[in-house]
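Please have the sequence and the 3D view open as you read.

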Amino acid sequence: MRGKLKQPPMPAGSGGVRMRAHLGSLRARLVLYVFCIMTMASLFTSAAYVVMLSAGWLRPLFITQMMSPIWMVCVSSIIGTVITAWIGKYYLSPVTQVIAATKRVAKGDFSVQLPMEDGRGEMGDLVRSFNRMTRELGGIEMFRSDFINSFSHEFKTPIVSIRGFARQLQRDDITDEERREYATIIADESTRLANLATNILLLSKLENQQIVTEKTAFRLDEQLRSCILLLEKQWEQKHLELVIDLEEVTCYGNAEMLSQAWVNLINNAIKFTPEGGTIGISLVAVDDTATVQVSDTGIGMDRETQQHIFEKFYQGDKSHHGEGNGLGLAMVKRIIALSRGKITVDSVKGKGTTFTVQLPVKG
């Protein structure tokens, strides 16, 4: 990860410059259209006046020299109106289609797409932006529906389990061993339900949070060691080997929030690594960027799972479904984003997974 090239940042205000350039171009085009309409109307009127004057038609119409300017203004207005209607129909037709499509979007139809994406100029930009907007809105609506369905399922499952085993405890013909087993299941499902509620509230808070407060300077390597010790019971139960390589790095940020991210990543590695496997945790600093890697020799992920791993409630490995609720990595990604960092995943099915987090050490 050393010496990784970064793309230069986009200059501040470049979006506003492009917007002003588009508006200036649109104004210039409208001025050009008006000029063309006036010029064409004047040319047609002058031509008609010359023809009628040459043919001697003006005298019978009582068009004297004094009335000629008024006559030319009237004829120019009529010709200009016809030309404007013709050009306006051609030029405003895409706008009319956009307005009609917008009304459909307002009614909740996000599948509408305009067929003029290959157009040039401002209208082409407008159509492409509109189609991109509807695709994004459609994706958000689909994500919202999936979230509601997933949340309902995750919340309902432990409740149904608790209710079922509670009814079993009401029976008089069960043994003491069965009674203890059912009570343990109820306790575990209650804990799972409480954790789900806590994680949802925490994730909701993180998603609505835009500014990180309570920043302090802290030793990132010491924080990682504390998180490893916090999960000592879990990795010792599975006889996992930990390979730890941590440079001394001082970081400025919200220590408590980042600690939640490390606990989730390390706990995730423990959960998906078979007994006797290896977990690696490393920390290096290059310039003003700290890079943390959490790797394991677990079951790994396929390409499709890697694409959805940071989505809420997504669980690629159904065999570990009861051990989590699919919110941990979504919280990790949000915490890293709030800390102005980025997280990536690299995994090979059956060989293991590596999560890489890059953070600015100066917050």
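A residue is called buried here when its relative accessible area is under 20%, and exposed when that area is over 50%. With that cut-off in hand, turn to α9 in this predicted model: eight of its 11 residues are buried, so α9 is largely enclosed by the rest of the structure. The buried ones are G328, L329, A330, M331, V332, I335, I336 and L338. Just past the end of α9, R340 adopts a positive phi of about 65 degrees.

Now step back for the wider view. The protein has nine helices and seven strands, and buried residues account for 33% of its 363 residues. Taking the contacts with a separation of 6 or more, 70% of them join residues 24 or more positions apart.

Where do the nonpolar side chains gather? The largest nonpolar core has 40 residues, and L220, W262 and L265 touch the most other members. Two or more residues each come from α5 (220–230), α7 (255–272), β4 (278–286), β5 (289–296), α9 (328–338), β6 (342–348) and β7 (352–360). Of these elements, α7 gives the largest share, eight residues. Another core, of seven residues, lies apart from this one, and its members include A101, V105, V112 and F130.

Leaving aside residues up to four places away in sequence, L265 touches V294, L329, V332, I343, F355 and V357.

Is L359 buried or exposed? Its relative accessibility is 2%, so L359 counts as buried. Beyond residues up to four places away in sequence, its contacts are L258, W262, D288, T289, A290, I336, S339 and G341.

For α5 and α7, the angle is about 50 degrees and the axes are 9 Å apart. The two helices are therefore oblique to each other, and α5 passes α7 in a right-handed crossing. On the α5 side, the contact is formed by L220, Q223, L224, C227, I228 and L230, while α7 brings A255, L258, S259, W262, V263 and I266.

How does α7 meet α9? Their axes come within 9 Å and cross at roughly 140 degrees, and here α7 passes α9 in a left-handed crossing. From α7, the residues involved are M257, L258, Q260, A261, N264, L265 and N268; their partners in α9 are G328, L329, M331, V332, I335, I336 and L338.

This brings us back to where we started. L329 and V332, both among the buried residues of α9, are also on the list of residues that L265 touches.

Note on methods:
Residues numbered from 1 in each chain as written. Predicted model: local features only at pLDDT ≥ 70, side-chain atom pairs only at ≥ 80, totals over all residues. Heavy atoms only, no water. Core = buried A, V, L, I, M, F, W, Y, C linked by side-chain atoms within 4.5 Å. Buried < 20%, exposed > 50% of the residue type's maximum accessible area, 1.4 Å probe, protein only. Helix = DSSP H or I, 4+ residues; strand = E, 2+ residues; numbered from the N terminus. Contact = heavy atoms within 4.5 Å. Axes fitted to C-alpha atoms, helices over the stretch in contact; angles between N-to-C directions. Parallel < 35°, antiparallel > 145°, perpendicular 65-115°, else oblique. Left-handed = near helix turned anticlockwise from the far one by under 90°.
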